[in-house]
Amino acid sequence: MAMELLPFNSAVLPWLTGETLFSLCSRHHRLWGFSNSSQSTEILFGSPRRGTQHDFPCALDVFADRTQGLLGSANEIARQRTVLKFYAPFRGAGEVQDAVVMMRSASVAHLKYRLGLLTSRFRAHHPLKSCPQCRHRDLVECGWVYWRGHLQYPGVWMCPEHKIPVQESALKATGVARFQWHLPAEEDQHSLEALRTDWMQASALKLATMTVDLVESITEDGWLSRHRFQAAVRSRMLANGWLLTSGRLRLEDAASSFLQHVRPLRRIPELAALPSSVEEAKSQLGRLLRPMRSGTHPLRWMVVASWLFDDVDDLRAELAHPSERDCWPEVNKELSQGATDKEDVRVRLVAFMSEGASATSAAREYGVDVKTAMAWAASSGISTKRRSKKLTAESLLSILQALQFGDDRNELAQRYSISSGTITRILMTEVGLHAQWVAARKARSRERARSTWLSLLASGEHQGLKWMRKLEPAAYAWLYRNDTAWLRANLPPAPKESARRASPAVRWDVRDLELSARVFQTALSLSKNGATTLRLWQLYQVLPELKAKLGQLQRLPLTQRALETVLTRRATSTSPSELL
Ligand SMILES: [Zn+2]
């Protein structure tokens with residue numbers, strides 16, 4: 001059998017990082033050089049058309065057999081190398097197993113219907129997507145431009161790594177090249193009109209990052225069940241004051257906030273089914289919160305999650321410890337009655353409290369939950385006295401201090417044996433505390449990243465920046481994004497020439513950091529020697545490698561900025577000739 005897969009004695013190509021099955025097959029097709037895709041398909045799947053679906057391929061048993069399990073079993077390939085990986089955490093174990101069985105067989109007919117994709121009102125064609133910067137990096141680092149699995153997930157329209165819009169492939173989506181193998185090529189890719197502006201990109205980036213982080217961190221089928229999501233959403237709506245402990249739901253308020261959140265997202269064609277009016281938002285939220293309904297598209301949950309939660313850690317914490325309280329029957333009654341609250345209750349309540357009324361009496365006066373009254377007051381800058389049944393004054397004080405120092409919410413909840421929801425409420429109701437907490441957490445991350453970096457630097461065993469970056473990727477990434485000036489000041493000495501030659505792949509960010517640091521050093525020593533107005537030629541006289549890189553400045557943003565700074569010119573142009 002293996003002989004059939006190895007024309008021209010070619011070996012089976014191994015997987016690239018995060019690669020999809022469609023991508024791997026397309027690379028084999030490219031390598032073999034057949035003029036028709038069907039010839040490669042015949043070799044890989046034993047039939048001219050089977051297996052060519054880019055989202056849910058079939059005939060995986062044949063493929064695993066022909067590759068002699070070198071690339072994993074059919075089951076592993078279905079779960080790890082196709083878009084099923086995105087759906088599995090949201091669907092029941094039985095449903096996922098059925099999907100795998102179909103993908104191993106000769107046909108996947110009706111699979112999308114069974115997964116509820118055709119009835120969801122979202123488009124179910126899974127367009128092929130790629131990120132321009134990933135493409136460039138992959139070509140430089142591994143010699144291939146390929147399809148990365150996580151960028152194919154529904155709802156992912158920004159590259160979480162490079163924070164730029166991904167591009168959609170014109171092929172496959174139209175059905176013209178339905179049975180063809182192909183890899184991302186510049187000319188076939190186009191950007192979405194919807195993602196031209198910063199605010200749209202910011203919303204799409206949050207959705208993409210949370211989706212990828214969440215899906216990649218869950219390995220259990222069905223872990224992201226409807227029940228778990230509903231509990232998390234209820235708990236957060238409770239904390240936001242849209243759900244009262246009595247079970248009353250302030251659907252109107254929640255719906256207008258939700259509508260605000262989805263406004264940029266629904267310009268993405270895939271997400272056009274998101275609500276466009278308060279009425280639609282109310283009805284969609286109502287459907288999500290009602291019990292006993294299955295088959296909701298995961299996109300709906302992820303959009304709601306990106307609305308209610310800060311990031312994936314915030315979301316996971318709530319999913320892992322759903323609220324202990326259940327106000328289910330009341331919520332349901334509320335939903336069926338469709339009752340809403342007046343917009344001005346909040347304004348009047350805050351005014352009442354600013355005149356000195358306690359949260360309890362204001363809450364009673366306006367018929368809202370005490371915690372809601374406190375949250376509203378805090379967001380308007382009014383401090384409130386707290387009465388907690390579970391917490392003593394001392395432990396409350398320690399919690400407040402711990403939060404000021406940026407302690408983790410879940411750790412605190414465990415330490416004081418209270419729910420993380422209570423911690424969140426303290427965080428949100430104490431004036432200014434949330435901002436302090438965020439700043440403290442950032443300071444902690446900085447401290448951690450810096451000390452990791454410094455201890456590696458001090459170990460004396462490093463072999464240059466590239467090596468350090470590989471050993472401590474998280475610290476490096478944090479510093480590169482958030483603490484560039486410090487990182488620049490703490491670079492290792494350049495490795496020996498022989499070590500450099502051993503690794504020819506270009507790391508533009510590494511090169512950029514090193515070069516920008518040297519630009520500053522050179523400028524400093526030149527000005528110490530009496531130069532008053534620096535010219536570019538003076539810099540590259542001392543720093544010949546700078547001259548060689550002038551044509552590449554668009555890839556070296558830090559160096560470009562360094563040049564603009566030391567040459568004291570206004571940052572208006574990117575053309576190196578104008579620097580002269
Ligand atoms: Zn990217």
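**Close-up views of a predicted model**

View 1. Cys131 lies in the loop between β1 (129-130) and α9 (132-142), whereas Cys159 lies in the loop between α9 and β2 (167-169), so the pair ties together parts that are 28 residues apart in sequence.

**View 2. Helix α3 and the residue after it.** Within α3, which spans residues 37-45, the buried residues are Ser37, Ser40, Thr41, Ile43, Leu44 and Phe45. Seen down the axis of α3, these buried residues fall within an arc of 165°, so they line one face of the helix. The helix is followed by Gly46, which has a positive phi, near 70°.

**View 3. Ser283 in helix α13.** Ser283 is found in α13, a helix covering residues 278-289, and counts as partly exposed, at 35% relative accessibility. Ala255 is 28 residues from Ser283 in sequence, and their C-alpha atoms are 8.7 Å apart.

**View 4. Segments with pLDDT under 50.** The mean pLDDT of the protein chain is 82, with 86% of its residues at 70 or more. Over residues 336-343, however, pLDDT stays under 50, and the model has 10 contacts beyond four places in sequence for this segment; over residues 569-580 pLDDT also stays under 50, with 17 such contacts. Where pLDDT is low, the predicted coordinates should not be read in detail.

Terms used:
Residues are numbered from 1 along each chain as its sequence is written. This is a predicted model: local features need pLDDT of at least 70, side-chain atom pairs count only at pLDDT 80 or more; totals for chains, interfaces and linings use all residues. Side-chain values use heavy atoms; hydrogens and water are left out. Buried means under 20% relative accessible area, exposed over 50%, partly exposed in between (1.4 Å probe, protein chains only). Helices (H or I, at least four residues) and strands (E, at least two) are DSSP runs, numbered from the N terminus. The arc is that of the directions from the helix axis to the C-beta atoms. pLDDT is the predictor's confidence in each residue, from 0 to 100. Contact means heavy atoms within 4.5 Å.
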